[in-house]
Amino acid sequence: MIYKNINDIQNINFSVIIVGSGPAGISLAIKLAERKIKSLIIEAGSEDYSENSQEFFASKVIGDQINDLQSSRLRQFGGTSAQWGGWSKPMENYNLSSWGINFDELSKLSDQACEILDIKNNFRKSNINNYFHQTEFQYSNVKFKEKYKNYISKSRFVNLLLNTQVTNFGGSNNIVEYADCIFQKKKIKIYSKIFILSAGGIENSRILLYTQSQNNLLNNEITIGKYWMTHPWFLGGYGILKKRELINFLGSRYIDREGPIHISSTENLKNDKNILSGSIYMDAEENKKLHKEIIKDLLCISPDLGKKIARGIFKKDLKCGNIFLHLEESPNNGNKITLDKNVMDPNGVPITNLHYKKSKQTLISAKTILEEFAEVCGKLDLGRVAINKNIYELEKYESLGVYHHIGGTRIGDRTDNSVVDMNLKVHKTENLFVVGSSVFPTSGYTNPTFTIVQLSLRLGEHLYKKLSDKS
């Protein structure tokens with residue numbers, strides 16, 4: 001059922017309250033519904049996008065500026081899935097090694113995650129050498145509002161309340177008893193047995209920090225908001241990848257599909273060079289204007305190679321153009337979310353301050369990955385790579401967008417460097433959980449949505465067992 005007025009739910013009991021209607025919240029509610037557990041998803045926004053609603057996401061950035069911080073998250077039914085690019089892939093096993101969560105445990109949930117995202121459970125990797133492999137992403141077209149609106153409208157177990165902002169939680173003796181909500185400027189408490197935060201990679205920290213400031217429910221030792229990360233995404237250079245040569249080299253292992261060609265670093269490169277993991281991709285769309293510029297440069301440097309490549313253009317055999325990088329970012333205690341002391345949102349809740357500095361390690365990793373990839377291309381005659389001057393000289397990178405908000409409520413077993421335990425329960429509470437990319441203790445290079453859905457399904461199974469034990 002979908003509710004637009006909080007008064008309509010006053011006499012209904014819900015076993016689980018879920019804050020946020022994005023991929024994490026809806027995936028969790030679907031899993032709970034399989035077990036006939038009644039949940040209420042509380043969404044601060046309305047059914048559709050609203051400029052007025054987006055004002056509640058105003059934030060300040062202290063340090064290296066992130067211009068799209070507000071527009072990269074949506075306050076509406078379906079959350080940021082309304083504008084995501086759909087790139088989907090499980091986290092690499094080696095990226096999960098520090099999480100304390102077994103890779104196989106998440107893999108068992110891949111079929112259901114793929115069903116939710118309407119994609120195939122097919123994520124092939126083909127080794128090029130010890131340092132690189134061609135990688136397969138799946139591309140989801142799912143917008144969670146469009147896919148699940150009808151399902152939720154008719155469901156007996158999944159309920160959605162719109163236009164209601166959860167500001168903080170209240171309770172005593174380490175037990176959350178209610179969520180403080182604001183509906184049409186009125187403050188109302190919603191009670192339940194279990195509470196889940198799935199409001200996004202900034203709002204999860206914001207709500208917990210505000211809770212910490214309002215009462216003694218959360219222990220002050222818990223490091224809420226710290227170790228915030230993103231996926232640095234930028235132009236690494238340009239180059240030419242000879243598709244025919246790559247096909248001949250990989251043979252039957254070549255991953256032939258529409259879309260960009262993805263080349264990802266391996267665990268060996270990460271460990272041998274002491275860098276962060278990353279992914280290179282080149283758009284499969286031909287750019288004739290860029291072709292001409294690249295060929296012109298190559299004719300000056302290497303006439304024979306330039307002529308050979310020029311001939312290949314007309315055979316449609318090249319991927320020629322910009323080389324983009326998607327990198328892991330290392331956790332940094334100084335990159336954190338705090339509450340502003342002076343500026344409030346329209347409901348009187350402090351806006352967030354994001355303290356963020358780009359890392360030199362990102363530049364070193366980008367340069368190393370591109371240099372190693374250029375060497376592979378040269379040795380195997382797969383193409384040529386030119387590295388962006390600013391990256392080669394380790395000066396700077398120009399971000400193309402910060403759309404993945406990671407960390408702030410990370411998984412761990414200590415209160416001084418994490419917020420939730422292996423079951424995503426907030427430390428030193430009995431019934432408050434967090435799910436979403438905010439719990440990632442490391443980011444890897446992979447887009448986060450697939451892992452977010454897996455974690456939500458995993459949490460659903462845990463909550464079923466928890467509720468069954470109590471009954």
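Strand E14 and strand E20 (residues 383–387) are paired in the antiparallel sense, with 5 bridges between them. The model described here is predicted.

**The hairpin of E11 and E12**
- Strand E11 (residues 175–183) pairs with strand E12 (residues 186–191) over 6 bridges, in the antiparallel sense.
- Within this pairing, Asp-180 has Lys-189 of E12 as its bridge partner.
- The two strands E11 and E12 form a hairpin that has 2 residues between them.
- Gln-184, in the turn, has a positive phi of about 50°.
- Lys-185 is found in the loop between E11 and E12, and Lys-185 has a positive phi of about 70° although it is not a glycine.
- Lys-185 is exposed, because its relative accessible area of 60% lies over the 50% cut-off.

- Tyr-227 lies in the loop between H6 and E14.
- The phi of Tyr-227 is near 65°, which is a positive value in a residue other than glycine.
- As background, most residues other than glycine have a negative phi.
- Tyr-227 has a relative accessibility of 16% and therefore counts as buried, the limit being under 20%.

**Two buried serines in loops**
- Ser-81 is placed in the loop between strand E4 (59–63) and strand E5 (87–88).
- With 3% relative accessibility, Ser-81 counts as buried.
- Leaving aside residues up to four places away in sequence, Ser-81 touches Pro-23, Val-142, Lys-143 and Phe-144.
- Ser-198 is placed in the loop between strand E13 (194–197) and helix H6 (203–214).
- Ser-198 also counts as buried, at 6% relative accessibility.
- Leaving aside residues up to four places away in sequence, the residues that Ser-198 touches include Ile-18, Val-19, Gly-20, Asn-204 and Val-435.
- Ser-198 and Trp-233 are 35 residues apart in sequence, and their C-alpha atoms are 24 Å apart in space.

**The chain as a whole**
- The chain contains 13 helices and 21 strands.
- Its radius of gyration is 24 Å, close to the 23 Å that the globule rule gives for 471 residues, so the chain is as compact as a globular protein of that length.
- The C-alpha trace spans about 80 × 45 × 40 Å along the principal axes of the chain.
- Buried residues make up 59% of the 471 residues of the chain.
- Among contacts between residues at least 6 apart in sequence, 74% join residues at least 24 apart.

**Surface and charge**
- The chain exposes about 20100 Å², and carbon and sulfur atoms supply 46% of this area.
- The chain has 61 positive and 50 negative charges, and the mean positions of these two sets are 2 Å apart.

How values were computed. Residues numbered from 1 in each chain as written. Predicted model: local features only at pLDDT ≥ 70, side-chain atom pairs only at ≥ 80, totals over all residues. Heavy atoms only, no water. Helix = DSSP H or I, 4+ residues; strand = E, 2+ residues; numbered from the N terminus. Rg over C-alpha atoms; globule rule 2.2 N^0.38 Å. Buried < 20%, exposed > 50% of the residue type's maximum accessible area, 1.4 Å probe, protein only. Contact = heavy atoms within 4.5 Å. Areas by Shrake-Rupley, 256 points an atom, 1.4 Å probe, with all protein chains shown as cover. Lys, Arg positive; Asp, Glu negative; His and termini not counted. Charge placed at Lys NZ, Arg CZ, Asp CG, Glu CD. Pairing = 2+ DSSP bridges.
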